[in-house]
Amino acid sequence: MRYLSECSPAPSEVTGILGTWWWVGMSLTAGWRGGELVLVESGDMSEDDGAWLFVAGEEADSWRCVAGEQIGETLHVRRDPHGVPAALEIRTFVFVRDPWPSDPK
């Protein structure tokens, strides 16, 4: 996957967002490339067309999708009481670290 193979080191405030996220059995991998947060379906490493590209939003922990299926939507990072990213929310979709969470909050 070109988008993830070209990923560059992410700023410290972004590193906790990177990695695998789950929504209803579908996994996405988050990476960082040239100032953009990149989300791709984890099993789809052969096509660039499926990547969602996000740029920093106006508020902390918000990102605006500029390319891909969620274009125009805002991604919000939900953090636990310790400040660790616990979920990514895009519209009504909530992506979490555990593929089968008992309480997605």
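This is a predicted model: local features need pLDDT of at least 70, side-chain atom pairs count only at pLDDT 80 or more; totals for chains, interfaces and linings use all residues.

Let's start with the hairpin of β6 and β7. These two strands run antiparallel and are joined by five bridges. Five residues lie between them, and Gly-83 in the turn has a positive phi of about 85°. Within the pairing, Val-77 stands opposite Leu-88 in β7.

Now move to β2 and β3. They are antiparallel and share six bridges. Their hairpin has two residues between the strands, with a positive phi of about 50° at Gly-34 in the turn. Leu-28 stands opposite Glu-41 in β3. On its way through the model, β3 is mostly covered, with five of its six residues buried. β3 pairs with β4 too, in the antiparallel sense and over three bridges, and in that pairing Val-38 stands opposite Leu-53 of β4.

While you are at β2, have a look at Thr-29, which is found in that strand. Its relative accessibility is 17%, so Thr-29 counts as buried, the cut-off being under 20%. The side chain of Thr-29 is joined to that of Ser-42 by a polar contact of 2.8 Å.

With the strands in place, what comes together among them? As a general point, nonpolar side chains tend to be buried together in soluble globular proteins. In this model, the largest nonpolar core has 18 residues, and those that touch the most other members are Leu-37, Trp-52, Phe-54, Trp-63 and Leu-75. Two or more core residues come from each of β2 (26-33), β3 (36-41), β4 (52-56), β5 (62-67), β6 (74-79) and β7 (85-90). β2 gives the largest share, three residues.

Setting aside residues up to four places away in sequence, Leu-75 touches Leu-39, Phe-54, Asp-61, Ser-62, Trp-63, Leu-88, Glu-89 and Ile-90. Two of these contacts, Phe-54 and Trp-63, are also among the core residues that touch the most other members.

Next, the aromatic rings. The structure holds four aromatic pairs. In one of them, the ring centres of Trp-23 and Phe-95 are 6.3 Å apart and the planes meet at 45°, so the pair is tilted. This pair links distant parts of the chain, with Trp-23 in β1 (residues 19-23) and Phe-95 in β8 (residues 93-96), 72 residues apart. Trp-23 is partly exposed, having a relative accessible area of 29%, whereas Phe-95 is buried at 3%.

Another pair is made by Trp-32 and Trp-63, whose ring centres lie 5.9 Å apart with planes at 80°, so this one is edge-to-face. Trp-32 is in β2 and Trp-63 in β5, so the pair ties together parts that are 31 residues apart in sequence. Both of these tryptophans, Trp-32 and Trp-63, are buried. There is also an aromatic cluster, formed by Trp-23, Trp-52, Phe-93 and Phe-95. Trp-52 in that cluster is another of the core residues with the most contacts to other members.

One last stop takes us to Trp-21. Arg-97 lies over the face of this ring, 3.8 Å from the ring centre. Both Trp-21 and Arg-97 are touched by Gly-16, as is Pro-85, not counting residues up to four places away in sequence. You will find Gly-16 in the loop between α2 (12-15) and β1. With a relative accessibility of 32%, Gly-16 counts as partly exposed. Its C-alpha atom is 9.2 Å from that of Ala-86, a residue 70 places apart from Gly-16 along the chain.

Notes:
Residues are numbered from 1 along each chain as its sequence is written. Side-chain values use heavy atoms; hydrogens and water are left out. A nonpolar core is a set of buried Ala, Val, Leu, Ile, Met, Phe, Trp, Tyr and Cys residues joined through side-chain atoms within 4.5 Å. Buried means under 20% relative accessible area, exposed over 50%, partly exposed in between (1.4 Å probe, protein chains only). Helices (H or I, at least four residues) and strands (E, at least two) are DSSP runs, numbered from the N terminus. Contact means heavy atoms within 4.5 Å. Two strands pair if DSSP finds at least two bridges between them. A polar contact is a pair of N or O atoms within 3.5 Å; within protein, one must be able to donate a hydrogen and the other to accept it, and residues adjacent in sequence count only if both atoms are side-chain atoms. Rings of Phe, Tyr and Trp (its six-membered ring) pair if their centres lie within 6.5 Å; planes under 30 degrees apart count as stacked, over 60 as edge-to-face and the rest as tilted. A charge sits over a ring if NZ of Lys or CZ of Arg is within 6 Å of the ring centre and within 35 degrees of the ring normal.
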